[in-house]
Amino acid sequence: MSKSIEEILSVKPEVRPRIYAYSIDDIAHNGLLKVGQTTRNVQQRVAEQLRTAAIRNYKIELDDSAERDDGSIFSDHEVRAALIKKGFENTELEWMRCRVKDVKTVLTELRSGQKVTGSHHETFSMRREQQEAVNKTHAYYHSLWKEDMHAVPRFLWNAKMRFGKTFTTYQLAKKMGAKRVLVVTFKPAVEDAWQTDLESHRDFDGWQYLSRNSDSDPTHIDKRKPVVYFGSFQDLLGRDKSGNIKPNNEWLHKVKWDLVAFDEYHFGAWRETAKELFEEGEEETIDKREAQLDDGNKLKDKIADLQEPLEEETEFLPITTKAYLYLSGTPFKALATGEFIEEQIFNWTYTDEQRAKETFAVKYPNHRNPYGALPQMRLLTYQMPDELLAIASAGEFDEFDLNAFFEASGSGADAQFKHSDDVQKWLDIIRGGYAPKSHEHLKTGTRPPFPYSDVRLLPYLQHAFWFMPNVASCHAMANLLEEKQNTFWHGYKVLVVAGASAGIGLEALPPVRKAIGSGFDTKTITLSCGKLTTGVTVSQWASILMLRNLKSPETYFQAAFRVQSPWSIKNPNGDNPNEEEVLKPACFVFDFAPTRALRQLSEYGIGLSPNESNPENAVKELVSFLPVLAYDGANMTQIDAGGILDIAMAGTSATLLARKWESALLVNVDNETLRRVLDSPEAMAAVERIEGWRSLGDNVIETIINKSEKIKELNKKGKNEGLSGEEKRELTAEEKEFKSKRKLVQEKLIKFATRIPAFMYLTDFRENTLQDVITKLEPDLFLTVTGLTVQDFYMLVRLKVFNTEHMNQAVFAFRRYEDASLNYTGIQSHEGLTNYGLYNTVVARE
């Protein structure tokens with residue numbers, strides 16, 4: 001009988017073999033896995049198997065393909081046989097005494113046809129952005145080696161947490177063919193990630209991992225196989241009493257490394273202070289550490305003022321390598337000081353991550369989103385009532401001073417706030433129970449979303465981090481929350497993670513994790529003034545209350561990103577290991593000093609986009625993924641990028657704007673820049689026309705470079721052989737003259753930069769870029785005001801003597817301030833103005 005057309009054209013069945021493994025939660029099956037195979041839906045197949053025995057307490061642990069890389073198929077018999085060969089017990093039929101990762105290792109071996117050492121069971125490939133980072137870095141290294149085979153290139157990954165820097169670094173090393181990789185960090189606590197990624201992925205099968213904590217002797221490793229050594233600055237920079245390298249580290253300095261990766265690198269100036277900063281462990285030093293390490297303004301001034309030349313890596317860590325890789329989530333200072341140029345940087349920011357999450361969801365709606373568990377951050381700011389503002393308003397912007405408001409004294413049970421009655425009012429405010437405001441809310445019929453009162457926010461405050469000014473304020477807050485009138489707060493377990501009693505570094509983490517538990521049945525408030533704000537993951541934290549002044553956006557957002565850790569359950573129903581339930585789709589930052597918070601946000605947005613010439617665009621992109629709500633004392637409204645910049649600059653005075661044009665960041669006087677000028681007769685002629693330059697004497701640039709080389713030479717000799725008394729005096733004199741001359745050069749260049757605002761006031765052109773106004777429209781006026789011709793100035797900009805990125809920001813602030821000042825009086829600076837011209841770009845006025 002012939003077949004019908006329907007039968008002839010029947011749809012080909014989709015049959016793909018799957019290997020599965022499940023466990024049963026009872027004593028008889030403890031430590032066992034049932035390893036089987038099916039061409040049907042795994043959940044249905046397992047449910048059918050167990051239904052007859054009325055077993056419900058099972059969990060599907062694995063659901064994976066039974067296909068090899070070459071397209072052929074393997075069976076569950078082969079999987080069990082391979083497990084038995086590895087020494088795992090086959091207790092009966094299809095039951096094996098092994099772990100899930102052991103089955104995954106065997107699957108990897110069967111697919112690839114290669115034997116895997118240890119448990120290199122992971123097979124995931126690089127995400128698009130990780131591949132891009134590897135390719136860009138590899139290409140840059142080779143471009144420099146092509147020009148000079150002895151060059152030692154440096155490259156920066158500006159990549160936020162969750163980028164996968166450890167895995168991607170190893171992929172770069174593999175692409176380079178590196179056999180010797182050294183990973184150096186300030187934070188030894190990150191070692192676990194470096195070790196796990198190397199030992200769990202198939203791509204690094206056969207690689208050797210070593211550290212101070214490993215049992216292997218690094219001098220007796222298999223030299224034919226690649227090796228990764230993980231070390232901390234504390235250890236590697238440590239020396240004995242005679243100033244010699246520790247004996248156990250001598251081998252490190254003899255190895256010719258192929259790649260050295262600096263993890264948690266934030267800026268160049270750490271080189272000089274790394275050792276003392278990171279050997280201190282007491283909580284009392286947190287303010288000192290933050291002041292030295294994280295205070296943006298002081299540190300930027302230190303770098304810009306060039307009190308000391310920044311050492312090269314080989315000076316502070318004497319090792320030899322073919323290339324350097326720098327890893328950081330907040331390298332703004334390195335970016336701002338021009339330590340890395342555009343082709344030396346790969347950026348993967350919070351904005352990139354959230355955009356990728358959104359794009360993937362639209363493009364592949366039925367696939368697991370690799371970015372899906374990364375919560376979107378929201379910032380909520382609150383203007384405090386006048387009576388509390390009166391208690392603690394200070395600083396150049398006369399804004400709410402959190403450190404003064406939460407000032408405390410005493411320790412432990414005796415700690416108390418200086419303004420305890422007012423802090424109590426603040427506790428009532430964040431619960432929405434502040435009496436004077438309650439009356440107003442009744443009249444307006446609206447109730448603003450205060451953190452601990454709004455039903456939409458409360459779930460995100462089940463586990464919150466309160467960032468306090470110091471140890472005393474942490475203890476004072478814990479004591480206040482325990483007082484009998486604060487019955488609401490008694491429902492939260494309050495954890496004080498401050499002071500020596502809380503433990504040093506990561507020692508403070510286990511008690512927090514224990515108190516939170518699974519996170520479902522507990523409620524906690526973690527009080528800290530520095531501990532656990534970097535390098536730790538507590539998935540259940542979903543909100544942070546900023547209750548201290550933080551001056552730099554680096555510190556602010558490093559702390560804020562603690563609550564952006566993903567919290568999800570894989571295989572939530574026990575029947576599909578490829579399913580993921582996201583428990584924290586969003587996370588919150590609550591801030592009570594609005595102007596300062598929005599200034600941090602605007603600086604962060606601009607810092608995230610070093611290649612974006614329009615500051616407003618940079619902030620606009622950030623807030624599209626980081627919504628901002630602001631409570632002004634009456635209403636809660638969402639603020640756009642323009643509003644954020646307006647509020648951030650609300651306290652800006654003409655004096656502060658002028659200070660932007662006196663900043664050392666506007667000019668570069670490092671040796672590289674000075675050499676470029678010295679090598680160009682035209683550039684030398686141009687700088688000599690700057691007012692007051694001739695008073696510096698002949699050959700001043702050459703003298704600075706020579707002095708720098710001499711200092712380097714003497715310092716090197718001092719480290720290796722020691723210096724005589726005469727040589728020490730010579731070094732001191734050389735350093736003194738070097739600093740003095742370099743400072744004078746810097747001052748002359750800054751003096752020229754301060755003439756630019758005067759030129760801006762005098763010119764009528766607003767919509768043109770400053771560069772166009774200077775070069776095309778009013779070159780004669782520019783020469784009259786500044787003393788330099790257009791050609792001179794343009795050449796010095798091209799040689800990077802003047803920093804155009806900082807000039808753009810300074811011009812932007814000037815234009816915005818000028819417009820706002822005149823609008824306040826009812827005057828428009830220029831009728832019908834639609835655009836602002838910055839230094840070398842034009843931005844929309846609105």
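Q: How many bridges join β20 to strand β22, and which way do the two run?
A: This is a predicted model. Strand β20 covers residues 463-467. Strand β22 covers residues 524-528, and its bridges to β20 number five. The two strands run parallel.

Q: Which residue of β22 is the bridge partner of Ala464?
A: Ala464 lies in β20. Strand β22 is joined to β20 by five bridges. On the β22 side, the partner of Ala464 is Ile525.

Q: Which residue of β23 stands opposite Ala464?
A: Strand β23 spans residues 543-546 and runs parallel to β20. Four bridges join these two strands. Opposite Ala464, β23 places Ser543.

Q: Which residues of β20 point the other way from His463, Phe465 and Phe467?
A: His463, Phe465 and Phe467 point one way from the strand. Buried here means under 20% relative accessible area. Both groups in β20 are buried. The other way point Ala464 and Trp466.

Q: How many of the residues of β20 are buried?
A: The strand is mostly covered. Across the protein chain, 52% of the 846 residues count as buried. In β20 the count is five of five.

Q: What share of the contacts with a separation of 6 or more comes from residues 24 or more positions apart?
A: The protein chain has 35 helices and 30 strands. A contact here means heavy atoms within 4.5 Å. Among contacts with a separation of 6 or more, residues 24 or more positions apart account for 72%.

Q: What part of the accessible surface belongs to carbon and sulfur atoms?
A: The accessible surface of the protein chain comes to about 39,500 Å². Of this, carbon and sulfur atoms hold 50%.

Technical notes
Residues numbered from 1 in each chain as written. Predicted model: local features only at pLDDT ≥ 70, side-chain atom pairs only at ≥ 80, totals over all residues. Heavy atoms only, no water. Buried < 20%, exposed > 50% of the residue type's maximum accessible area, 1.4 Å probe, protein only. Areas by Shrake-Rupley, 256 points an atom, 1.4 Å probe, with all protein chains shown as cover. Pairing = 2+ DSSP bridges.
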